[in-house]
Amino acid sequence: GLTNLMEYNNRNAGIRAENNTELAQKSQILMISIVVVGIVIAVFIGIFISKNISVPISKISMAAEMLTTGDTDIQRTIFTEDEVGKMAEAFEKVIVSTKEQAETIQRIADGDLTVDVHIRSDKDLLGQKLSQMVQKLNELIQNIDTAAEQVLAGAKQISNSSMQLSQ
C-alpha cells in the first residue's frame, strides 16, 4: 500500500510539475505579449499627442511669421480648450490689437487727428506714444493756425497802412 501511494504521488508530482512548467511558460508569453502591446499603444498615444501639440503650434508659428511681415489678415483656426487653444486665443488678441493700432496709424497718416488712440495699459508704450504724437500734431496745427492768423492780421495792418499812406 505504502509503495503504491508513493508511486502515485511521484507520478502525480511529475505531471503537476510538467503542468506548472507549461503554465509558467504560457504566463511568461502572455506577460511579454502584454508588455509589447502596451509599448506599441504607448508609442501610438505619444505620436498622437505629439501631433496634437506640434501641428497647432506650427500654425501659430506661421501666423507669427505673417504678423512680423505686417500681414494682419490672419484667421484663428485653433479652437481647443487646452493650453494650445489658450495660446491661440492669446495670439488672436495680439493680432486684433495690432490691427487696431495699424488702423489708428492709417487714420493719422490720412490726416485724421481726431482719432482716439486706445491705450491698452500703462505699459503700452506704442499706444502712449501714438496718443502723444496726435496731441503734439494737434498742438502744432493750432500753433500754425495761430501764426497764420497773426500773419493775416499783420498783412491787413500793412495793407491798411499802405492805403492810408497812398491817400
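**Salt bridges and surface patches**

Author: Happy to. The side chains of Glu 92 and Arg 76 meet in a salt bridge, at 3.1 Å from N to O. That pair links distant parts of the chain, with Glu 92 in helix α2 and Arg 76 in the loop between α1 and α2, 16 residues apart. Keep in mind that this is a predicted model.

Reader: Thanks! Is Glu 92 buried, partly exposed or exposed?

Author: Glu 92 is partly exposed, because its relative accessibility is 31%. Arg 76 also falls in the partly exposed class, with a relative accessible area of 22%.

Reader: And how many salt bridges does the count come to?

Author: The count comes to four salt bridges. One of them is formed by Glu 22 and Lys 26, whose closest N and O atoms are 3.3 Å apart.

Reader: Nice. Where do Glu 22 and Lys 26 sit, and what separates them?

Author: They are in helix α1, which covers residues 2-68. Glu 22 and Lys 26 are four residues apart there, so about one helical turn separates them.

Reader: Which residue forms a salt bridge with Asp 124?

Author: That would be Arg 120, and the closest N and O atoms of this pair are 2.8 Å apart. Asp 124 is buried, with 4% relative accessibility, while Arg 120 is partly exposed at 40%.

Reader: Switching topic: which residues gather in the patch of negative charge on the surface?

Author: Glu 81, Asp 82, Glu 83 and Glu 89 make up that patch. Glu 83 belongs to helix α2, and Glu 83 is exposed because its relative accessible area is 63%.

Reader: What does Gly 85 touch, leaving out residues up to four places away in sequence?

Author: Gly 85 touches Arg 76, Ile 78 and Thr 80. Arg 76 is the partner of Glu 92 in the salt bridge we began with.

Reader: Okay, nonpolar side now. Which residues form the nonpolar patch on the surface?

Author: The patch is formed by Ile 32, Val 35, Val 36, Ile 39, Val 40, Val 43, Phe 44 and Ile 47. Together they have about 720 Å² of accessible area.

Reader: Which helix holds Ile 47, and how accessible is that residue?

Author: Ile 47 lies in helix α1. Its relative accessibility is 40%, so Ile 47 counts as partly exposed.

Reader: Last one! Where is Asp 145 found, and how far is Asp 145 from His 118?

Author: Asp 145 is found in helix α3, which spans residues 125-166. Asp 145 and His 118 are 27 residues apart in sequence and 27 Å apart in space, C-alpha to C-alpha. Asp 145 is partly exposed, with a relative accessible area of 43%.

How values were computed:
Residues numbered from 1 in each chain as written. Predicted model: local features only at pLDDT ≥ 70, side-chain atom pairs only at ≥ 80, totals over all residues. Heavy atoms only, no water. Contact = heavy atoms within 4.5 Å. Patch = residues over 30% accessible without salt bridge, like charges linked within 9 Å, V, L, I, M, F, W, Y side chains within 5 Å. Areas by Shrake-Rupley, 256 points an atom, 1.4 Å probe, with all protein chains shown as cover. Lys, Arg positive; Asp, Glu negative; His and termini not counted. Charge placed at Lys NZ, Arg CZ, Asp CG, Glu CD. Helix = DSSP H or I, 4+ residues; strand = E, 2+ residues; numbered from the N terminus. Buried < 20%, exposed > 50% of the residue type's maximum accessible area, 1.4 Å probe, protein only.
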